[in-house]
Amino acid sequence: MQLSPFVFTNRYGNLIHYGSVDRKLHEIIDRYNLQHEDPLPQISCHGFRHTFTCWLCENAEKSTPMETIKYIQSILGHADASVTMNIYAECRRKKRNENHEMLKQKAAL
């Protein structure tokens with residue numbers, strides 16, 4: 001079996017179009033929601049990508065914020081770091097605020 005950088009591949013290792021994955025994902029969620037009281041929200045491949053990237057923004061440990069952005073840009077395949085910064089700045093702002101509050105609490109001890 002050939003290794004692939006993609007999560008969703010066919011048996012030949014080729015990328016499966018995101019629309020096909022989204023349709024199957026929605027079918028699975030719909031079927032689950034018919035059988036359970038607490039419904040799952042609908043999510044798409046893009047939603048997974050955004051969630052992963054927010055987690056990465058909050059947890060990537062690089063020496064400078066720009067190194068972190070460039071690292072995340074390389075993973076996402078954005079041509080320009082400004083795209084990454086514009087989309088995911090809120091995730092980094094949230095983490096910065098959490099860290100600031102944690103430091104204030106530790107200083108108060």
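**Close-up 1. The side chain of Gln73 reaches the backbone oxygen of Ala79 at 3.4 Å, a polar contact (a pair of N or O atoms within 3.5 Å; within protein, one must be able to donate a hydrogen and the other to accept it, and residues adjacent in sequence count only if both atoms are side-chain atoms).** The model is predicted, with local features needing pLDDT of at least 70 and side-chain atom pairs counting only at pLDDT 80 or more, whereas totals for chains, interfaces and linings use all residues. Residues are numbered from 1 along each chain as its sequence is written, and side-chain values use heavy atoms, with hydrogens and water left out. Gln73 belongs to helix H3 and is buried, at a relative accessible area of 8% (buried means under 20% relative accessible area, with a 1.4 Å probe and protein chains only). Apart from neighbours within four places in sequence, Gln73 is in contact (heavy atoms within 4.5 Å) with His78, Ala79, Asp80, Ala81 and Thr84.

**Close-up 2. His78 sits in the loop between helix H3 (65–76) and helix H4 (81–108).** With a relative accessible area of 17%, His78 is buried, and, when residues up to four places away in sequence are not counted, His78 touches Arg49, Gln73, Val83, Thr84, Ile87 and Tyr88.

**Close-up 3. Thr84, placed in helix H4, is buried, with a relative accessible area of 1%.** Not counting residues up to four places away in sequence, the residues that Thr84 touches are Ile69, Ile72, Gln73, Leu76, His78 and Ala89.

Methods:
Helices (H or I, at least four residues) and strands (E, at least two) are DSSP runs, numbered from the N terminus. Buried means under 20% relative accessible area, exposed over 50%, partly exposed in between (1.4 Å probe, protein chains only).
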